[in-house]
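Please look over the following chain and its fold before reading on.

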Amino acid sequence: MNPEMLVAELRSAKEFFDRSTRCLTEEDSSFAPAAGTWTVAQQVAHAAQTVDWFLEGAFRPEGFDTNWDEHQKQVARVQSLGEARAWLEAAFARAIEVLGARTPEELAQPLPADGIMGGAPRFAIVSAISDHTAHHRGALTVYSRLLGRVPAMPYMDAPAEVTA
């Protein structure tokens, strides 16, 4: 797999996420649609955490960290949308740097057969990151609508009347 193609897919996923959630502000950080659901800030933090999780899991010998309770605690601590966005920015930057510096041979190496994404090539994490961020940007567009906002179309900058 060509590292430049993977980097391009990551950049697109990040751009789509940013466009879709741009209408959310710091004042929306603590909004959650129902008790027991993540807040706006926590949704973004979880998306960031998962970019890091996929990257780490693909390249560490023991594979993916499945300490779900600890992952949840890390996300629950995030109260600021600005903090969550900064984490997301940094996570994507790390993923782009690491994957962009790998050879096609390194990227084609299989993940541990007995773990998450067992036996898939390392580069498969890029599609998983893209799918996962799409899922959470979709959830956040619902949050936006519940807040009375109109989220932008993710795939292009468009006039406001197209996104309504």
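## The whole chain

In this predicted model, buried residues make up 40% of the 164 residues in the protein chain.

**Make-up and overall dimensions**

- The protein chain contains 7 helices and 0 strands, and from the N terminus on its elements run α-α-α-α-α-α-α.
- The radius of gyration of the protein chain is 16 Å, which is close to the 15 Å that the globule rule gives for 164 residues, so the chain is as compact as a globular protein of that length.
- Along its principal axes, the C-alpha trace of the protein chain spans about 45 × 35 × 20 Å.
- When contacts in the protein chain between residues at least 6 apart in sequence are considered, 72% of them join residues at least 24 apart.

**How helices α2 and α4 pack**

- Two packed helices are described by the angle between their axes and by the distance between those axes.
- Helix α2, which covers residues 40–59, packs against helix α4, which covers residues 81–100, at an angle of about 20° and with the axes 8 Å apart.
- Because angles under 35 degrees count as roughly parallel, α2 and α4 are therefore roughly parallel to each other.
- In passing α4, helix α2 makes a left-handed crossing.
- The residues that make this contact include V40, V44, V51, L55 and F59 of α2, together with L81, W87, L88, F92 and L99 of α4.
- Sorted by class, the contact of α2 with α4 has 18 nonpolar, 1 polar and 3 charged residues.

Notes
Residues are numbered from 1 along each chain as its sequence is written. This is a predicted model: local features need pLDDT of at least 70, side-chain atom pairs count only at pLDDT 80 or more; totals for chains, interfaces and linings use all residues. Side-chain values use heavy atoms; hydrogens and water are left out. Axes are lines fitted to C-alpha atoms, for helices over the stretch in contact, and angles run from 0 to 180 degrees between N-to-C directions. Helices (H or I, at least four residues) and strands (E, at least two) are DSSP runs, numbered from the N terminus. Angles under 35 degrees count as roughly parallel, over 145 as roughly antiparallel, 65 to 115 as roughly perpendicular and the rest as oblique. A crossing is left-handed if the near helix is turned anticlockwise from the far one by less than a right angle, and right-handed if clockwise. Contact means heavy atoms within 4.5 Å. Ala, Val, Leu, Ile, Met, Phe, Trp, Tyr, Cys and Pro count as nonpolar, Asp, Glu, Lys and Arg as charged, and the others, Gly among them, as polar. The radius of gyration is taken over C-alpha atoms; the globule rule is 2.2 Å times the number of residues to the power 0.38. Buried means under 20% relative accessible area, exposed over 50%, partly exposed in between (1.4 Å probe, protein chains only).
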